[in-house]
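Welcome, and thanks for taking a look at this one. Here is a short briefing to read alongside the chain.

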Amino acid sequence: MIERINELSKISKERKLTEAELKEQQELRKQYIENFKSNFKTQMKNVYIKEEDGSLTQVGKD
């Protein structure tokens, strides 16, 4: 996915993208961002802060 996003970006610097390429680029970027958000939320669910009293507070609550 990243390779194709980068490829389309490079092409756009050389010439104007076709309508199909623009649509593909937008969809890939949208999908990439959604994947990133999902992965980040999952990671945050596994992060805890140790409070002064020794208790743990989960950072990424649902």
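Predicted model: local features only at pLDDT ≥ 70, side-chain atom pairs only at ≥ 80, totals over all residues.

On its surface, M1, I2, Y32, I33, F36 and F40 form a nonpolar patch. Inside, the largest nonpolar core is made of five residues.

**The surface patch**
- Together, the six side chains named above, M1, I2, Y32, I33, F36 and F40, have about 570 Å² of accessible area.
- Helix α2, which covers residues 19-44, is the biggest contributor to the nonpolar patch, with four residues.
- M1 sits in the segment before α1, the helix of residues 2-14.
- M1 counts as partly exposed because its relative accessibility is 38%, and that class lies between the 20% limit for buried and the 50% limit for exposed.

**The nonpolar core**
- I5, L8, I11, L17 and L28 are the members of the largest nonpolar core.
- The most to this core comes from α1, with three residues.
- If you set aside neighbours within four places in sequence, L8 is in contact with L17 and L28, and also with E21, E24 and Q25.

**V47 in its loop**
- You will find V47 in the loop between α2 and β1, the strand of residues 48-50.
- V47 also counts as partly exposed, because its relative accessibility is 34%.
- Not counting residues up to four places away in sequence, V47 touches T57, Q58, V59 and G60.
- T57 is 10 residues from V47 along the chain, and their C-alpha atoms are separated by 8.5 Å.

Note on methods: Residues numbered from 1 in each chain as written. Heavy atoms only, no water. Patch = residues over 30% accessible without salt bridge, like charges linked within 9 Å, V, L, I, M, F, W, Y side chains within 5 Å. Areas by Shrake-Rupley, 256 points an atom, 1.4 Å probe, with all protein chains shown as cover. Salt bridge = Lys/Arg side-chain N within 4 Å of Asp/Glu carboxyl O. Helix = DSSP H or I, 4+ residues; strand = E, 2+ residues; numbered from the N terminus. Buried < 20%, exposed > 50% of the residue type's maximum accessible area, 1.4 Å probe, protein only. Core = buried A, V, L, I, M, F, W, Y, C linked by side-chain atoms within 4.5 Å. Contact = heavy atoms within 4.5 Å.
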